[in-house]
Amino acid sequence: MDPQGGRFLNRRAVFSPLGAARLCQLTLGCAAVAMVIHSAGYSGSYGVFCMAVWCFCFAVSTLVFFLDATRLYGCLPVSWDNLTVAFAALATLMYVTASVVYPLFFVSSECPYAGCEVRNFRIAVTICSIAATLAYGAEVVLSRAKPGQAVVGYMATVSGILKVVQGFVACVVFGALANGSEYSRYAATIYCVVVYALCFALTTLVVMLTVCGRTAVVRCVPFERFVVVYTLLAVLLYLSASVAWTVFCFDAKYGSPWRPSSCPRGKCPWDSKVVVAVFSFINLGLYVADLIYSQRIHFVSSAPPTRSRV
């Protein structure tokens, strides 16, 4: 029995900074979903996306809190610390996106036809979403390992958190590619798509191996060396793809350096190409930062402990 955790329930799941952050996540997430259903409302693909983010994060946060409070996470074949910090990082990014998208499309300074009550509820939803973003970010900060620390929980390191961000940015790139980006016009742009897909797949593989506690399956090289080698490869691939995409989409010989005046807003291939280019360079910077931080990690490739981080 854990003398600080209680006989059956884990008191540290509530009475700790990490527990307080998770309680804030649950409270704010529940409030946002309730207000949207009650009066704020949502519509269209952007509204559905925001509602899906809030519902998904609230559901997973509830499960995480329950498993932590009851210590039932020990029955799961996963690395609990890696799983929770990876989810917190992903939820932070998803909440940031929803906190920008929802007010942009649903909040206005003037009262809509439904009345000022609807506008006020939408403002309250936005505030709750922003506050929940801070709560998830606080969990990431509380869980993050210190530089130079020998850790089993790779996702608690800066490099591990960057892996989640890289995957999220890649999803934004894929969304822009699917939105009429005309990437199939040239072999070079097809190569760029292959690079984005390959790096995303390998990043996802690293995260999944870590979360499942299976880092030791990489037998030919230590896990930390495998991560560094892969990250260096991703830097080189993203550098080539970022340059190739920019040249073949915005050089006057292959594309247009300026936005066509006849291009409809919201359905313009040129806009999608800009989004891909911008986020491609963002991910390049993330991989470079990841490569730098990876040199400072001493990762222990063994079965991770199931004790909850406090």
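**Figure 1. Contacts across the whole protein.** Among contacts in the protein with a separation of 6 or more, 77% are between residues 24 or more positions apart. The model is predicted. The protein has 310 residues, and 45% of them count as buried. Eight helices and two strands make up its secondary structure elements. Along the sequence these elements follow the pattern α-α-α-α-β-α-α-α-α-β.

**Figure 2. Packing of helix α1 against helix α2.** Helix α1 covers residues 17-40, and helix α2 covers residues 44-70. Two packed helices are described by the angle between their axes and the distance between the axes. For α1 and α2 the angle is about 145 degrees and the axes are 9 Å apart. Their crossing is left-handed. On the α1 side, the contact is made by Arg22, Leu23, Gln25, Leu26, Gly29, Cys30, Val33, Val36 and Ile37. On the α2 side, the residues are Met51, Trp54, Cys55, Phe58, Ser61, Thr62, Val64, Phe65 and Asp68. Sorted by class, the residues of this contact are twelve nonpolar, four polar and two charged.

**Figure 3. Packing of helix α1 against helix α4.** Helix α4 runs over residues 116-143 and packs with α1 at an angle of about 160 degrees. The two axes are 8 Å apart. Angles over 145 degrees count as roughly antiparallel, so α1 is roughly antiparallel to α4. The crossing of α1 past α4 is left-handed. The contact of α1 with α4 contains 20 nonpolar residues, together with four polar and four charged ones.

**Figure 4. Ala34 in helix α1.** Ala34 belongs to helix α1. Its relative accessible area is 40%, so Ala34 is partly exposed. Val125 is 91 residues away from Ala34 in sequence. In space, the C-alpha atoms of Ala34 and Val125 are 9.1 Å apart.

**Figure 5. Packing of helix α2 against helix α3.** Helix α3 is formed by residues 80-106. The angle at which α2 and α3 pack is about 150 degrees, and their axes are 9 Å apart. This angle makes α2 roughly antiparallel to α3. The crossing in which α2 passes α3 is left-handed. Residues of the contact of α2 with α3 divide into 20 nonpolar, four polar and one charged.

**Figure 6. Arg71 in the loop between α2 and α3.** The loop between α2 and α3 includes Arg71. Most residues other than glycine have a negative phi. Arg71 is not a glycine, yet it has a positive phi of about 60 degrees. With a relative accessible area of 26%, Arg71 is partly exposed.

Figure 7. Asn82 is found in helix α3. Buried residues have a relative accessible area under 20%; the value for Asn82 is 2%, so Asn82 is buried. The side chain of Asn82 makes a polar contact of 2.8 Å with the side chain of Ser79. A polar atom of the Asn82 side chain also lies 3.4 Å from the backbone oxygen of Thr210.

Terms used: Residues numbered from 1 in each chain as written. Predicted model: local features only at pLDDT ≥ 70, side-chain atom pairs only at ≥ 80, totals over all residues. Heavy atoms only, no water. Helix = DSSP H or I, 4+ residues; strand = E, 2+ residues; numbered from the N terminus. Buried < 20%, exposed > 50% of the residue type's maximum accessible area, 1.4 Å probe, protein only. Axes fitted to C-alpha atoms, helices over the stretch in contact; angles between N-to-C directions. Left-handed = near helix turned anticlockwise from the far one by under 90°. Contact = heavy atoms within 4.5 Å. Nonpolar A, V, L, I, M, F, W, Y, C, P; charged D, E, K, R; others polar. Parallel < 35°, antiparallel > 145°, perpendicular 65-115°, else oblique. Polar contact = N/O pair within 3.5 Å; in protein donor to acceptor, adjacent residues only side chain to side chain.
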